[in-house]
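Please have the sequence and model open while reading.

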Amino acid sequence: MAGDRVQVLSLGDMADVERQLESGFEVHRATGVHIDEVLARHGTAIRGIATRGRDRLDAASLARLPGLEIIANFGVGYDSIDVEAAARRGVMVTNTPDVLNDEVADFAVALLLATVRRLPQADRFVRAGRWLQGNFPLGATLRDRTVGLIGMGRIGERIARRLAAFEVPIVYHARRARPEVPYRHYPELLTMAKDVDTLVAILPGGAPTRGLIDAAVLAALGPRGILINVARGSVVDERALVDALRSGTILAAGLDVFADEPRVPAGLLELDNVVLAPHVGSATHHTRGLMGSLVVENLRSWFEGRGPVTPVPETPWKRTA
Ligand code: 8YV
């Protein structure tokens with residue numbers, strides 16, 4: 001009977017996830033509707049949320065969901081959720097780690113090469129018939145570069161492994177050193193930025209990393225500098241980045257993420273030395289399918305009393321039985 005079913009809220013376009021959930025849950029959708037409206041109508045009945053992180057789930061939204069037990073995030077990054085507020089309320093938060101590591105790492109390398117070798121610009125050059133007037137100008141190379149990864153989590157490690165095959169030196173900045181990885185650790189980002197010419201950002205978003213890549217870091221990176229961001233737009237001071245790209249403070253950037261998606265700053269759209277992608281690091285049928293299944297598994301497992309499959313560290317699962 002539909003009335004007896006656990007009620008879950010789906011936030012965002014996740015047709016596959018919603019289809020799978022419908023067999024066991026009563027699913028409310030927030031697509032095309034403001035979250036406030038859904039909360040006003042169903043807030044008290046909702047016990048689970050599936051989200052892809054576009055709407056912020058802050059303490060105020062959580063307060064309108066008194067029956068909420070679990071938030072299952074479609075994605076590894078869960079910076080759109082106030083996890084501390086969730087933890088205080090005893091609300092479980094899950095994400096989709098590991099299943100996207102290789103996909104995002106592949107994409108990061110693709111974006112790096114596309115940016116260094118100006119692949120989209122070369123494509124535009126051919127399409128515009130400009131080859132008939134002369135050759136595409138010579139450009140930068142990966143050959144003489146040192147890559148500094150910002151973040152050395154599970155995806156960062158996969159990116160580093162792939163880059164090792166390109167025979168470029170690799171170093172990293174992260175809050176904590178990972179003695180088990182064979183790359184030099186820099187406790188200070190600014191120091192690393194001075195020593196490298198290529199930065200690849202693959203670190204969590206949220207308040208602690210907001211604006212980390214700022215004007216000083218970009219100046220330290222220097223005129224040969226290339227910035228690749230496959231993390232979150234919030235980790236970069238976008239205004240400083242536009243200035244740095246425009247003035248030649250750095251050479252180029254490849255960006256898959258932006259602070260206010262899907263809106264991309266006009267200053268970036270105008271520039272030819274930036275490669276732009278619409279947050280597609282994990283966007284393949286294969287990997288999004290695995291991520292969706294993990295979202296569904298977390299919700300099913302929770303409501304069948306088996307606990308979450310992949311809880312985030314801030315809301316660890318303590319089996320009481
Ligand atoms: C998201 C991502 O899953 O995993 C993440 O943190 O950023 C992506 O893979 C995607 O944006 C879902 O909307």
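## Basis

This is a predicted model, in which local features need pLDDT of at least 70 and side-chain atom pairs count only at pLDDT 80 or more, while totals for chains, interfaces and linings use all residues. Residues are numbered from 1 along each chain as its sequence is written, and side-chain values use heavy atoms, without hydrogens or water.

## Domains and their interface

The domain assignment, automatic or from a database, gives domain 1 (2–99 + 285–303) and domain 2 (101–276). Their centres, taken over C-alpha atoms, are 32 Å apart.

Eight residues of domain 1 are in contact with seven of domain 2 (heavy atoms within 4.5 Å). Two salt bridges are counted between the domains (a side-chain nitrogen of Lys or Arg within 4 Å of a carboxyl oxygen of Asp or Glu). Arginine 154 forms a salt bridge with aspartate 98, with the closest N and O atoms 3.7 Å apart.

## Nonpolar cores

The largest nonpolar core has 49 residues, of which Leu21, Leu149, Ile159 and Leu299 touch the most other members. Such a core is a set of buried Ala, Val, Leu, Ile, Met, Phe, Trp, Tyr and Cys residues joined through side-chain atoms within 4.5 Å, where buried means under 20% relative accessible area (1.4 Å probe, protein chains only). Both domain 1 and domain 2 give residues to this core, so it lies between them.

Leaving aside neighbours within four places in sequence, leucine 149 is in contact with residues including Ile159, Ile170 and Met192. Apart from this core lies another, of 31 residues, among them Leu203 and Val236.

Notes: Buried means under 20% relative accessible area, exposed over 50%, partly exposed in between (1.4 Å probe, protein chains only).
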